[in-house]
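Have a look at the structure below, and keep it in view as you read.

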Number of protein chains: 2
Amino acid sequence: MSTTLRPAGETRAGDVLARMRSDIISCALKPGTKLRFETLKELYEVSFSTLREALSRLVAEGLVVAEGQRGFLVAPVSLFDLNDLTDVRVLIERQCIRLAIDRGDDRWEADIMANFHRMDRLQSRLGASYYLSDDWAALHGAFHFSLVVACGSPNLLEIRQKLFERAHRYRRMSSQFRPQWRAKDVEHKMIMDRVIARDTATAQDLVERHIRETTENVIAHASHLFAQGGDSFGRRDPVAAE
Amino acid sequence: MSTTLRPAGETRAGDVLARMRSDIISCALKPGTKLRFETLKELYEVSFSTLREALSRLVAEGLVVAEGQRGFLVAPVSLFDLNDLTDVRVLIERQCIRLAIDRGDDRWEADIMANFHRMDRLQSRLGASYYLSDDWAALHGAFHFSLVVACGSPNLLEIRQKLFERAHRYRRMSSQFRPQWRAKDVEHKMIMDRVIARDTATAQDLVERHIRETTENVIAHASHLFAQGGDSFGRRDPVAAE
DNA sequence: AGGTTTGATTATTTCGAAAATCCGCAGTAA
DNA sequence: TTACTGCGGATTTTCGAAATAATCAAACCT
């Protein structure tokens, strides 16, 4: 499971939260799985209350759903959710990019290049199967984050981060079946170039295409996974007020 | 405090969650307040673990912040946060309106009119101080929700709802100092008319103005409250990655 | 035979005590 | 005086058992 071995720093519940989040995103805990307390207690070596706290927070992040008095389960995946998620991500990411280009300074530009370089180097070191690596995924996430960090909006960044993580779960679902990923590195370089050139419109369009094409790839390679669950696939009730 | 007395239906933690959320939004629990467990245990008549679960969820909703191993406190307010919140709300709400107008059907239109009517009637019944009423606030929330419910995006609606609640806290902060609110009902009617007429551009602009003017009113009447806390006011560190 | 109620089993939810951690203060040394 | 260190009290965090609710199946009634 998760290889995070940092007992210090924060609370134990916070540690379990981070590990569970990682395990859900990486699909070590599969979508739709019932989360039984006894099982989890063994897996993460903590007690009921601590688990409950971690689960509660994951519910609010949308990675776990709570069913009345019938426990928790890993948030199911569906074609509908993936498409909806993609549309919302495009909206948020375009705004982030726009603001970041408006407000970013030299230090921001340098940070982007540094992050790209690290991602790029690891990519060539890992070869064709880089997309399976959790380390690469972390650097990939850091690169995309560095592009928008200068937007200056904590709220926007927080929303973006949660959506990014949920989307990562879908990417991860499909990656184990995908023989080879397309040349994302070229796209990343183009996005970086347009962002640093402060070419807002083009940068936004490139990022939107980047997101949408990834979603299309996921659907092409992993859509058969959505049907297996039985429930929660296809169109959801659109009047799902909270 | 909260007058919600429905012990049945959901779990006790869910009940406490709802009551605390209500109390924070209505400023019965003031921004920046330290949330001591002993105090809360008396207030809500539950035990540590149950409180902890409710608090954890509120953290993820942005209404409470957790400080390492030093407990929880009601999320502080600040001019910076209010402005940021407003900008993000405008982005989200404009998109919701656009999609709802695209996708809404007759039933949706009827629902909007019904909600407006209920809000409008209560408003005239309450007279000049309607903005102090929690009941009116609930109907006001329901009206705005009905405008966008047809957007068909669960993710968008969920984000919108959380932002709306956080904004409501700011509205509430200022309402106790505001001698009289401007004629919001006229604005609401105009928004409804343009939405039902499927006049997307105008409806979006009206909603944006509605949100921004409310924020300006809050700042005009309650900005002095932001300074009292001492910390967390004015510009925040823009590189506040999570 | 089909459907419903009852009761045993399993899982979740809640509780309050015990362990771990933090904060303030006094005492000491530089 | 200022900075560092160790103790006492208060608060948070964690734990596992007890209470509560849901599930499943067998027996019962229609």
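Start with the exposed side of H5(B), where you will find B:Asp106, B:Arg107, B:Arg118, B:Ser124 and B:Arg125. Keep in mind as you look around that this is a predicted model. On the other side from these exposed residues, H5(B) has a buried set: B:Trp108, B:Glu109, B:Ile112, B:Asn115, B:Phe116, B:Met119, B:Leu122 and B:Gln123. Looking down the axis of H5(B), the buried residues fall within an arc of 165 degrees, so they line one face of the helix.

What do the buried residues of H5(B) pack against? Their partners in chain B are helix H4 (79–103), helix H6 (134–148) and helix H8 (184–196).

## Checking the length of the helix

Helix H5 of chain B covers residues 106–126, which makes 21 residues. At 1.5 Å a residue, this helix should span 30 Å, and its end C-alpha atoms are 31 Å apart, which agrees. After H5(B) comes B:Gly127, a residue with a positive phi, near 80 degrees.

Is B:Glu93 buried or exposed? With a relative accessibility of 4%, B:Glu93 counts as buried, because the cut-off for that word is under 20%. You can find B:Glu93 in helix H4 of chain B.

Setting aside neighbours within four places in sequence, B:Glu93 is in contact with B:Val148, B:Arg160, B:Val207 and B:Ile211. With one of them, B:Arg160, there is a polar contact between side chains, at 2.9 Å. The fold also brings together parts of the chain that are apart in sequence: B:Glu93 and B:Leu157 are 64 residues apart along the chain, and their C-alpha atoms are separated by 9.2 Å.

## Where the two chains meet

Now turn to the interface. Here 39 residues of chain A are in contact with 39 residues of chain B. Together the chains bury about 3,300 Å², and 59% of that is on carbon and sulfur atoms.

How many salt bridges cross the interface of chain A and chain B? There are two. A:Arg52 forms a salt bridge with B:Glu53, and their closest N and O atoms are 2.5 Å apart. Twelve residue pairs are in polar contact across the interface of chain A and chain B. On the side of chain A that touches chain B, the elements giving two or more residues are helix H3 (48–61), helix H4 (79–103) and helix H7 (154–175) of chain A. H7(A) gives the largest share of that side, with ten residues.

Most residues other than glycine have a negative phi. What is the phi of A:Glu45? It is near 60 degrees, a positive value in a residue other than glycine. A:Glu45 sits in the loop between helix H2 (37–44) and H3 of chain A, and A:Glu45 is exposed, with a relative accessible area of 65%.

Look for B:Arg198 in the loop between H8 and helix H9 (200–228) of chain B. B:Arg198 is partly exposed, with a relative accessible area of 31%.

Technical notes. Residues numbered from 1 in each chain as written. Chains lettered and ligands numbered in written order. Predicted model: local features only at pLDDT ≥ 70, side-chain atom pairs only at ≥ 80, totals over all residues. Heavy atoms only, no water. Helix = DSSP H or I, 4+ residues; strand = E, 2+ residues; numbered from the N terminus. Expected span 1.5 Å × (residues − 1). Buried < 20%, exposed > 50% of the residue type's maximum accessible area, 1.4 Å probe, protein only. Arc of directions from axis to C-beta. Contact = heavy atoms within 4.5 Å. Buried area = accessible area lost by both parts, 1.4 Å probe. Salt bridge = Lys/Arg side-chain N within 4 Å of Asp/Glu carboxyl O. Polar contact = N/O pair within 3.5 Å; in protein donor to acceptor, adjacent residues only side chain to side chain.
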